[in-house]
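User: I would like to go through the labels used for this protein and hear what each one rests on. Please give the value and the cut-off where one is needed.

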Amino acid sequence: METPINFFKGLEEPRMERCKLHSLQDIIFLTIAAVISGADNFVEIAAFGKNKKEWLLTFLKLENGIPSHDTLGRLFAAIDSKLFEQCFISWMQSVVKLTQGQVIAIDGKTLRGSSCPTNGKKAIHMVSAFASANKVVLGQLACAEKSNEITAIPALLELIIVKGCIVTIDAMGCQTAIAKAIIKHEADYILSVKDNQKNLHKEVQDMFSLSRCESSETIEKNNGRIETRVCSILTDLKKMSHTENWESLKSIIRIESIREINGMKSEETRYYISSLITSAEKMNEYVREHWCIENKLHWSLDVSFNEDANRTRTDNSAENLSVIRRVGLNLLKTDQTMKVGIAAKRKAAGWNTEYLETILNL
């Protein structure tokens with residue numbers, strides 16, 4: 001994967017000329033390298049710089065030495081977060097060739113440490129698009145709270161490429177405007193349906209109680225957990241009254257899930273609408289793949305990058321640092337030279353500069 005450093009060169013400088021003791025590009029290089037190597041905040045990034053100064057000088061000028069953590073914090077608070085996110089998206093569009101027909105899962109995650117109740121500042125909510133086959137974040141946008149995902153998702157779709165892929169979104173994104181936006185970008189959709197679309201939810205449930213449908217069953221056994229999933233699909237939607245409101249709606253789906261853990265059983269039934277016509281077996285796989293954004297993105301950010309515990313919150317700093325974490329995660333996930341987890345790779349990069357150079361593709 002091409003180094004991301006070059007894609008931040010066009011970033012607008014937010015500082016006055018007399019305040020620029022350190023190059024913007026030097027700071028971005030330092031920050032990306034430090035976060036990959038295990039640094040989680042500006043204090044740790046500055047400490048990484050001091051300990052790796054000799055190595056950094058092989059790539060950077062560092063005319064005024066290593067910037068302090070206060071300097072790092074002020075700069076990342078001032079950088080335009082939308083432009084910073086656009087640099088990240090431009091990098092991903094350049095280096096990632098999407099597999100046709102793969103699932104692109106879109107979901108939100110709150111940066112819990114970014115809130116400041118004393119000042120009345122709410123936590124930032126990041127909406128990300130995750131490519132399930134490539135296992136990388138394609139792009140992200142920030143919104144003030146979870147309910148704002150409805151407006152953030154169409155804006156994110158304008159920035160990323162989803163042509164030929166299948167976009168999956170939870171019930172918050174089950175909106176006619178979002179379905180229309182996905183079809184506009186020449187992709188298909190699978191949208192979860194719950195009571196936020198009450199009439200549609202009831203009609204989909206009724207359709208399955210009145211009609212014969214194709215079904216497929218899968219059984220998974222893992223670490224003492226047994227999950228049986230029955231996917232049923234209907235493509236004859238002539239009796240539905242809501243089809244005209246949903247762009248290219250062609251099928252409705254029911255997933256009946258039975259989980260057994262240590263002898264305790266739980267059952268859940270979920271419903272979806274889709275622009276796809278495919279087998280129940282394939283639909284079961286697509287719906288299942290949506291959860292990769294929780295398991296391979298959100299979980300990794302919290303467990304391997306300590307994102308939820310991060311207290312960075314001043315102005316744009318939390319949002320911009322979240323972009324750096326996703327840069328690091330994408331680079332670490334695509335590395336195949338070590339067959340270990342993300343946390344172990346971060347430690348290895350901090351210990352071994354040759355491995356860090358491999359990750360950064362220097």
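Labels and their grounds

Analyst: This is a predicted model. Among contacts in the protein chain between residues at least 6 apart in sequence, 64% join residues at least 24 apart.

User: How do you know whether the radius of gyration of the protein chain agrees with that of a compact globule?

Analyst: A compact globule of 362 residues would have a radius of gyration near 21 Å, and the protein chain has 23 Å, so the two agree. Along the principal axes, the C-alpha atoms fill a box of roughly 75 × 40 × 40 Å.

User: What makes Val193 buried or exposed?

Analyst: Buried means under 20% relative accessible area. Val193 has 2%, and is therefore buried. Val193 belongs to strand β5, residues 188-193. Beyond its neighbours within four places in sequence, Val193 is in contact with Cys174, Leu200, His201, Tyr271, Tyr272 and Ile273.

User: Which residues of helix α6 are buried, and why are they said to be on the same side?

Analyst: In α6 (residues 149-159), the buried residues are Glu149, Ala152, Ile153, Leu156 and Leu157. They cover an arc of only 135° around the axis, so they lie on the same side of α6.

User: What covers the buried residues of α6?

Analyst: The cover includes the strands β1 (103-111), β2 (124-131), β3 (136-143) and β4 (166-169), together with α7 (176-184).

User: Why is Ser248 called partly exposed?

Analyst: Ser248 is at 32% relative accessibility, so it counts as partly exposed. Ser248 sits in the loop between β7 (225-234) and β8 (251-261). Its phi is positive, about 55°, although Ser248 is not a glycine.

User: And why does Asp315 count as exposed?

Analyst: The cut-off for exposed is over 50%. Asp315 has 57% relative accessibility and therefore counts as exposed. The loop that holds Asp315 runs between α10 (292-304) and α11 (317-334). Asp315 is a residue other than glycine with a positive phi, near 45°.

User: What share of the residues in the protein chain is buried?

Analyst: Of the 362 residues, 52% are buried. The protein chain exposes about 17000 Å², and carbon and sulfur atoms supply 49% of that area.

User: How many positive and negative side chains are there, and how far apart are the centres of the two sets?

Analyst: The protein chain has 46 positive and 45 negative side chains, and the centres of the two sets lie 2 Å apart.

Technical notes
Residues are numbered from 1 along each chain as its sequence is written. This is a predicted model: local features need pLDDT of at least 70, side-chain atom pairs count only at pLDDT 80 or more; totals for chains, interfaces and linings use all residues. Side-chain values use heavy atoms; hydrogens and water are left out. The radius of gyration is taken over C-alpha atoms; the globule rule is 2.2 Å times the number of residues to the power 0.38. Buried means under 20% relative accessible area, exposed over 50%, partly exposed in between (1.4 Å probe, protein chains only). Contact means heavy atoms within 4.5 Å. Accessible areas come from the Shrake-Rupley method with a 1.4 Å probe; for residues, only the protein chains shown count as cover. Lys and Arg count as positive and Asp and Glu as negative; His and the chain ends are not counted. The place of a charge is taken as NZ of Lys, CZ of Arg, CG of Asp or CD of Glu. Helices (H or I, at least four residues) and strands (E, at least two) are DSSP runs, numbered from the N terminus. The arc is that of the directions from the helix axis to the C-beta atoms.
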